[in-house]
Structures are given as C-alpha cells and as structure tokens.
Amino acid sequence: MRATPQARVSAVVLTLNEERHIGACLATLTWADECVVFDSFSTDATVALARRAGARVIQHPFENYAQQRNAALSAAESDWVFFVDADERCPAALGEEIQGIVASARHDVYAVPRHNYLFGRLTLGAGWYPDYQARLFRVGKACFDPLREVHEVARHDGEMGYLKTELIHYNYDTVGQFHTKQRKYAQYDAGILFKQGVRPRLHNFVLQPLREFRRRFFALRGYRDGWHGLRLSMLMAYYNLDMYRRLARLWRLNATKDEPRSVL
C-alpha cells in the first residue's frame, strides 16, 4: 500500500559520474513518491539517464558528504527522505517496509541494514553486516552532523529506529577500487587524529594493525567468509597501519613548517 499524501517519501540519490549505476538504481525506487538525483555536476551521461528515468535532477556543488546530504534534505518536497547511493539497490520489500513505517513513524531517523557485495561476493563477516546506515529521515526533524564530513552521522532527537529489510550494496568490484577508497579514508582519519593532537607512537605501528585484524577476523567473525574474510581482515589491518603512517607524515610536515628559518 502506498504512503498516504501526509507521508510522502522522496528517494534521493547523490551522484557524480554514475552513468554505470544510475539507471539500475532508479529502477528500484519507483515505489517512492518522487526520485531526486542530487548531482555534483557530472560530466558523463548521469544527468541525461536520470531525467530519462523520470527523476528530478538538482545540481549542487560538492563540499563533503554531510553537507551534500543536508542540502538534499532542504531541497526535498516530501515529508521523508530516503537516501540511496547509486551503487545500491532497494528491493521491493524494503520499499514496502518504508511505506508502512512512514504512515505511523515513532522515530525521526531510521537505519537500514545492508548486504554488501565485495569483489562480487556477499560479505557477512569482518564488519560488513549488518552495517546499519542512517538513511530514512523525517524532513525538518533530523540532519547530518556537519562536522563529520565522511562516515556521516545523523543528528536528531530521540532514539533511532531500525528497518529490517536489507539494502543491497555493490560495494567494490575490484581490489583496486577497494585500495583507492581505503587510502582516502586513511588520509581522512589521520587528519582527524592530527587535529585532535594525537601523536603516533612506535607501538601503534604494530599493535594497532594487529588489534584491527583480531577485531575484524575474530570479534566481527571475518572467518565465516573463509579466505575472503581473511583477506579483508588483513587488508583492513594494513589500512590501519597506513593511517598511522599518514599521521606520522602530517606531524613531520608540521614540524618542518614550524622550524625557524635562518636569516642570512
């Protein structure tokens, strides 16, 4: 049953050069009262494909993910916004669940679990499931914390609700894609630690990656995915090491910048 006029839902997809995914993504969002593609001035066919699929396209300069999602919330013409990434697919059962939720919602924000496909394989261990993401927002009652530019965090009153049906996420096709994204995360997280005044110690370069491996492979049951889970746990341990290497580099650059210059 469709949501009542008093509980309209806008499905919002943030895009930048997503011609590969946008058509298939929008095809799974036809249950929504409107589809909005919030685009960061794509140079490929994303915008044309989105319009062809019947989506309303808004182009907005990208600063960071939190800012972009908050701008999309402001532009929505519905009572609720459901955020979907272009590489995600919304099963019909999830659309039905959302329509039922918004008809008599008890929360202002709902998180959705995800089925993540890494390198073509559904990954249920090592922290990739249930992987709850805050995605369903009551407009005017919730937003994203503007200080969290990546790994966005919802800002709202009261408790968060949780949906039951998984969103499907085609996360990384190749190890190369994974490597590129994790390097960006490592740089971002190193910057946060640097701003907090955290200095890397020698033991961080050994113990922290080992802890991360143990957390991923044992505590988060990466072992349930066999060799795939072992590889992912080892990769995440490496990127933990990479984060501390980048943090050390930031401190070295800062020390060089602050060194007094001799006057000849």
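Author: Happy to. C35 counts as buried, because its relative accessibility is 15%, where buried means under 20% relative accessible area, exposed over 50% and partly exposed in between, with a 1.4 Å probe and protein chains only. C25 counts as buried too, because its relative accessibility is 0%.

Before going on, a word on the source: this is a predicted model, where local features need pLDDT of at least 70 and side-chain atom pairs count only at pLDDT 80 or more, while totals for chains, interfaces and linings use all residues. Residues are numbered from 1 along each chain as its sequence is written, and side-chain values use heavy atoms, with hydrogens and water left out.

Now to the pairing. A disulfide is a covalent bond between the sulfur atoms of two cysteines; here it is counted as a pair of cysteine sulfur atoms within 2.5 Å. For C35, the closest cysteine sulfur is that of C25, and at 8.2 Å it is too far for a bond. Seen from C25, the closest cysteine sulfur is in C35, again 8.2 Å away and too far for a bond. The count by this rule is therefore zero disulfides.

As for the setting of these two residues, 45% of the 264 residues of the protein count as buried. The protein has seven helices and 13 strands, taken as DSSP runs numbered from the N terminus (helices H or I, at least four residues; strands E, at least two). Its C-alpha atoms fill a box of roughly 70 × 55 × 40 Å along the principal axes.
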